[in-house]
Every structure is written in C-alpha cells, then in structure tokens.
Amino acid sequence: MAFTIASLWEAPAINPVNHKAKSIPAFNPLNLYGRVFFLSWWGFFVAFWSWYAFPPLLTETIKKDLNLTQAEIANSNILALAAALIVRLLAGSACDRFGARWTFAGILLVGAIPIALAGTAKTHGELLAVRFFIGILGGSFIPCQVWTTGFFDKSVVGTANSLAAGLGNAGSGVSYFLMPAILNSLVARQGLSEDKAWRVAFVVPFILITATALLMILTCPDTPTGKWSSRSRDIQRHLDMRDTFFSATTAGDKKCNASSIDSGGLANDTVQLHSGRGQGHHTDAQAQEDDLLTAASWELVEEPTVESSLKAAGTLSTLTLLVAYFCSFGVELCVNSILGAYYARNFPTLGQTGSGSWAAMFGLLNIVFRPAGGIISDLIYRHTKSLWVKKALVHFFGLMLGVFLILIGLDNPRSKPMMFGLVTGLAFFDEAGTGACFALVPHVRPTSNGLITGVTGAAGNLGGIVFLLIARYTDDSSDHPKVFWIMGVITIAGNLLVAWIRPIPKDQLGGR
C-alpha cells in the first residue's frame, strides 16, 4: 500500500482477519489506531523523560547540593539502567500474558511513585535508591513496541515501531531542555533556592505520567478486536468468515479448502498449517487463504510457558537481535549519560546549560533518525520481500556506528563544528540502527512477540550498563575519547560475529 499524506489522518484500511491497520493515522487521535499510536509514543516519551530527568541537573545543581563525586554520579547512572533491564525482561512475558496496554499502564503507575519521591533524596544512598526505582520507567519501551505491533499490519509495523520509539526516545533529549528550564523558572518566578527547586521540578513528570496511564486504561482496548483474553476467539470468528471473503474476491472461483485449519479451531492460540502448500497448482483463492493464515499466525500470541519461552529466546535469530541492540541502544544510553560532561570538558565555555542543550540534540534526533531506520527497512522489505535484506540493513548501521565511535574517540575534536558534525553522524547510524532492529523483531517468533521484544530491549540496557562500566573504570573516569573508541571496536566486532545468522529460525513459518 503506497504512502499518501492523507493516510496520516484518514481512517486506515484494515486487514480483514486480524483487524490491524495498514497505515498509521499519526495525526488523528480520535481514530482508534491513531489514539493507540499516540499513547504508545507519548507514554514512552514521558517515561523516558522522567528516566533521564536526573542527568541534566546532576552536572552542577544536584552534585553540589548532595556533595556528590563523579564516581557516585556514574554509579547512579548504572543503577538506573540496571532496574530497567530487570523490568524489560519481565515486561515481555507480562505483555504475552496480560496484554501490552495493562503492562504499559502498570509500569507507568508504579514508576510514578519514585518520581514523586525523587525530591526527598538528601544523601548519596537515597539518590541511588530513587534512581534505581525510577529506572522501572525504562521498561516502558517493551509494551510500547508490543502494543504498536498488535495494532499495525506487518507491511507498516517497522515504521510504526520505529516512529513510536523515536518519538518516545526523544524524551531523553527533551529532558535536557525541560528540567533546567523548570528549575530556572522555579528559581526566577517562585523565588525558590536551587536546592529546593530541583526537588519540586520532579512533580511535573509525575503528573504527566499518572495522567497518561489513566488515559490508556480508560480510552483504549487491548487489541484491535477487543480484550486480550478473547483474542484467539476473535481471530477464529474472522477466519470462519473466510469463505465469504473468498467468494467476494474470486468472483465465483472454487471455494477454498477449509481443511488447512485444524478442526479444533485455534487451540492453544496457534494456527495449524498443513504442508500441502506448494503441492500442485495454486489458485488465487488458495493464495489468498495462505495470506489469511499467515496473518492469523502472525497475530496470535501464545500463553508463555518455560518451554516455549526458552525455545523462542534460545534461537540464533534471537541472538542476532540481542547483539545488534546491545550495541546500538547500549551506545545510545551511554552517550546520553556522558555526552553533556564530554562537551563541558572539551568546551568549558558552554557551562551546564549550554553543554546540556547541545547534548540534548543527540536524543532529540531520535524523532527523525530512529523512524528513518524503520521506514527504510519497511521500504526495502516491501520491494524485495526478503528478511535477509532487512537484517543486512541492521548490520550496515551497526558497522557504520562503530566507525563513527572510533573516529570521535581517536580524534577527540576540540572544534565545535567537527565535534557536533561527528556526533550527528553517530546519532544517525545509532538511532536508525535501533529502528531497523525493531523493524526486524516482529518477524522473529511472532507468537512470542512480547518475550522477544522484552529480551531484545533488555539486551540494550545491558549494553548501556557494560559501556557505562567501561566509562566508570577507565584509567581516568573522564577519559571520554577512550570510552568512545572502545565502544566502536565492540560494536563492529559484535555485528560481524552475528552477520551470518539467518533472520528467522528454520522451523518458523517462512524460515526455509
């Protein structure tokens, strides 16, 4: 389906079996699909903003108020990522069991509590505790991606996932503008001292997070067909109408052989496909039935068990996703945490506000660059129908990301145009790479989509922790160039190691 500007606000065409949208009405929150898309990215945006609300103020204000050392700040950054890693692992299975909407709203409401308590921290230990529990909000990425995957057809799911994630990730960049702005406003207009103003500033994200969670609960469904618990029955009902669909599209051709669906219906939320496909002549009706069966198998998510979870997470195709996201999102998290300090060190005239504003641009570029990765991935898939090409794009972005990291690390630019130009190139290959990675995720074990999304997202957080530990324990804790080129070497090596692995497992539909 070709893209048109009008598709950004018009009601989308719907897949007749799973009721997923074939376009993204991003500017129409009154439409069900537009509303789910909006709350997916907005919920992730406010969560990411809150998750990164501390770093813009840690450089000077909070560091001075709590008498923190640079090592203590680094420890708090690592703990914030550790909590998100744990939540992402749990959120994937929670999405498969309870649905993405309730998992998303639950993470936001639980994460809102430590945000409200952030201003009570008065010691280094209390800061560590608060930042750890605020890290819960970092897990919101998983239901964000699972929810959009559940509402948008595979022809546009890469674009939907990357656009929602890109807009949401921009919350980290906006935080570098908003938190100092809120702080300065409270000091200038309310007459608060800085040590009190930064504590009051955290009330703003708390209100937004709570309101967003309530909107999700009150205005959106679990799936396009209704409740999460009845998803298999809803899909079975639509499959039962397939003869009517075929008669309308084949103009009297022979009706499809219904035996390709197991007589027991969609038992255990799976679609049983027979190997008769490919034997003998294919009629148009049979081809259309194959399309419907593929759509059904794509839609139905299995109830997670230990056996099915290990089978889905233990494939080499899943390993590819983990390594790619470990490198790309791990780099992004590390750079988000140290870039402001790097700028302040190389360009001391910028000060806290200036270095924070320039560092914010790295996160804000997610609005454009992460969706670009998903859009490019969907376009090449639409034209080639090849998942190998989608996978090759992920590794291309990863290798170029490694090149830019090494360039920055070895050159250590002291010229602002050179530094900002290299960081912009770094941002493109990093953020487009994360978008391309999650354009591939829905194709791998779609019946365990929440689990695969969860472990892949957690791998990104693990990458961030590893890279921040490298930054923490380099010879000089402020030796940022060394951290950059080390990340570059790891990123190139990681992508080369998994480049040979097939995009989806052999035993998966379409895997041979």
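These legends accompany close-up views of a predicted model.

**View 1. Helix α1 packs against helix α7.** Helix α1 covers residues 32-51, and helix α7 covers residues 157-189. Their axes come within 7 Å. The two axes cross at roughly 35 degrees. The crossing of α1 and α7 is right-handed. The contact of α1 with α7 holds 16 nonpolar and 5 polar residues. No charged residue takes part in this contact.

**View 2. Helix α1 also packs against helix α6.** The axes of α1 and α6 lie 9 Å apart. The angle between α1 and α6 is about 165 degrees. Angles over 145 degrees count as roughly antiparallel, so α1 and α6 are roughly antiparallel to each other. The crossing of α1 and α6 is left-handed.

**View 3. Y33 and F151 form an aromatic pair.** A search of the whole structure finds 38 aromatic pairs. The pair of Y33 and F151 has ring centres 5.9 Å apart. The ring planes of Y33 and F151 stand at 70 degrees, so this pair is edge-to-face. Y33 belongs to helix α1, while F151 belongs to helix α6, residues 141-151. Because these parts are 118 residues apart in sequence, the pair ties together separated stretches of the chain. Y33 is buried, at 7% relative accessibility. F151 is buried too, with a relative accessible area of 1%.

**View 4. F37 and F152 form an edge-to-face pair.** The ring centres of F37 and F152 are 6.2 Å apart. Their planes meet at 85 degrees, so the pair counts as edge-to-face. F37 sits in helix α1. F152 sits in the loop between α6 and α7. The two residues are 115 residues apart, and the pair links distant parts of the chain. F37 is buried at 0% relative accessibility. F152 is likewise buried at 0% relative accessibility.

**View 5. Ring pairs build an aromatic cluster.** Which residues do ring pairs link into a cluster? They are F44, F48, W51, Y52, F141, Y325, F329 and F438.

**View 6. The charged ends of K390 and R472 sit over tyrosine rings.** The charged end of K390 sits over the ring of Y381. The distance from that charged end to the centre of the Y381 ring is 4.9 Å. The charged end of R472 sits over the ring of Y473. Here the distance to the ring centre is 4.6 Å.

View 7. Q70 is in helix α3. Q70 is partly exposed, with a relative accessible area of 38%. Q70 and R472 are separated by 402 residues in sequence. In space they are 9.1 Å apart, C-alpha to C-alpha.

**View 8. Helices α17 and α18 pack together.** Helix α17 covers residues 387-411, and helix α18 covers residues 416-440. Their axes come within 8 Å. The axes of α17 and α18 cross at roughly 155 degrees. Is α17 roughly parallel or roughly antiparallel to α18? The crossing angle makes α17 roughly antiparallel to α18. The crossing of α17 and α18 is left-handed. The contact of α17 with α18 comprises 21 nonpolar, 2 polar and 4 charged residues.

**View 9. N412 has a positive phi.** N412 lies in the loop between α17 and α18. The phi of N412 is about 45 degrees, although N412 is not a glycine. Most residues other than glycine have a negative phi.

**View 10. N67 has a positive phi in a loop.** The loop between α2 (55-66) and α3 (70-98) holds N67. The phi of N67 is positive, about 55 degrees. N67 is not a glycine. Is N67 buried or exposed? N67 is exposed, with a relative accessible area of 65%.

**View 11. N31 lies before helix α1.** N31 is in the segment before α1. Its relative accessibility is 14%, so N31 counts as buried. N31 and E10 are 21 residues apart in sequence. Their C-alpha atoms are 8.4 Å apart in space.

Methods:
Residues numbered from 1 in each chain as written. Predicted model: local features only at pLDDT ≥ 70, side-chain atom pairs only at ≥ 80, totals over all residues. Heavy atoms only, no water. Axes fitted to C-alpha atoms, helices over the stretch in contact; angles between N-to-C directions. Helix = DSSP H or I, 4+ residues; strand = E, 2+ residues; numbered from the N terminus. Left-handed = near helix turned anticlockwise from the far one by under 90°. Nonpolar A, V, L, I, M, F, W, Y, C, P; charged D, E, K, R; others polar. Phe/Tyr/Trp six-rings, centres within 6.5 Å; stacked < 30°, edge-to-face > 60°. Buried < 20%, exposed > 50% of the residue type's maximum accessible area, 1.4 Å probe, protein only. Lys NZ or Arg CZ within 6 Å of the ring centre and 35° of its normal. Parallel < 35°, antiparallel > 145°, perpendicular 65-115°, else oblique.
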